Amino acid sequence: MSSPEIVPGEELPVVAPQLRALRRQAALTLEAAARAAGLSPAHLSRLETGQRQPSLPMLLALARVYGTTVSQLLGETVADRDAVVRAADMEPTEAGGWTYWQAGAPGRGMQALRLQVPYGSQGDIVRVHPGEEWLYVLKGRLRLRLGDTAHRLVPGDSAHFDSLTPHRIAALDADGVELLFVHTLLQSPTATLCLGPTPGEMP
């Protein structure tokens, strides 16, 4: 499956200078960096010269190769005050039956949430998208389906998986399940996770 390019209207900041500087800082040739990221040297050269905009999977791959974050690739800086999120500042938001709280600073390549998933809510929605996800069960029991395999998780259990694996989650108990949830969906609205696929996304 090919990775979609960033579509017009969702343009990223110019990343060419950062890509070139970080590659040189990592002491990698264009060919070596491209090979490690799964790209052709010509494609990486076009990214570094601003002729092409990278897709999210490309950014994630390059960040891993250069030992940095997607935020740094984008040239973003986050103020020190954004490093800590106080409980009193976490406003609950409801979407599709789920309640979620932002547990990390917005605008970073990695997003952290606390989720409350009620029983019977969206258990039939299958999600498929670029990135990685990590979850940790705080309270209740969770059914996690990854591809053709179903897992039951209890408090203290966690899961870390590639988001291109078709996945769905559901609460097993009438009281629902509470999770810590981290994902690498760059600039993605939290509601996208809660509401499931939007028109045009893979089911």
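Colleague: What is the handedness of the crossing of H2 and H4?

Modeller: In this predicted model, H2 and H4 cross in a right-handed way.

Colleague: Why is H2 called oblique to H4?

Modeller: The two axes cross at roughly 120 degrees and come within 9 Å. Angles of 65 to 115 degrees count as roughly perpendicular, and only those over 145 as roughly antiparallel. The angle falls between these ranges, so H2 is oblique to H4.

Colleague: Which residues meet there?

Modeller: From H2 come Ala-33, Ala-36 and Ala-37, and from H4 come Ala-61, Leu-62, Val-65 and Tyr-66.

Colleague: What makes H3 roughly perpendicular to H4?

Modeller: H3 and H4 pack at about 95 degrees, and their axes are 13 Å apart. The range for roughly perpendicular is 65 to 115 degrees. The angle lies inside that range, so H3 is roughly perpendicular to H4.

Colleague: Which residues of H3 and H4 meet?

Modeller: His-43, Leu-44, Leu-47 and Glu-48 of H3 meet Met-58, Leu-62 and Tyr-66 of H4. By class, this contact has five nonpolar residues, one polar and one charged. Glu counts as charged and His as polar, so Glu-48 is the charged residue and His-43 the polar one.

Colleague: Which elements give two or more residues to the largest nonpolar core, and how many residues has that core?

Modeller: The core has 21 residues, and Leu-39, Leu-44, Leu-47, Leu-62, Tyr-66 and Leu-73 are those with the most contacts inside it. Helices H1, H2, H3, H4 and H5 each give two or more residues. H4 gives the largest share, eight residues.

Colleague: And what does Leu-73 touch?

Modeller: Leaving out residues up to four places away in sequence, Leu-73 touches residues including Leu-19, Leu-22, Leu-59 and Leu-62. Another core, of 19 residues, lies apart from the largest one. Tyr-100, Leu-115, Val-117 and Val-177 are among its residues.

Colleague: How do you know whether Ala-27 is buried or exposed?

Modeller: Ala-27 has 67% relative accessibility. Exposed means over 50%, so Ala-27 counts as exposed. Ala-27 lies in the loop between H1 and H2.

Colleague: What is the phi of Ala-27?

Modeller: Phi of Ala-27 is near 60 degrees, a positive value in a residue other than glycine. Most residues other than glycine have a negative phi.

Notes. Residues numbered from 1 in each chain as written. Predicted model: local features only at pLDDT ≥ 70, side-chain atom pairs only at ≥ 80, totals over all residues. Heavy atoms only, no water. Core = buried A, V, L, I, M, F, W, Y, C linked by side-chain atoms within 4.5 Å. Buried < 20%, exposed > 50% of the residue type's maximum accessible area, 1.4 Å probe, protein only. Helix = DSSP H or I, 4+ residues; strand = E, 2+ residues; numbered from the N terminus. Contact = heavy atoms within 4.5 Å. Axes fitted to C-alpha atoms, helices over the stretch in contact; angles between N-to-C directions. Parallel < 35°, antiparallel > 145°, perpendicular 65-115°, else oblique. Left-handed = near helix turned anticlockwise from the far one by under 90°.
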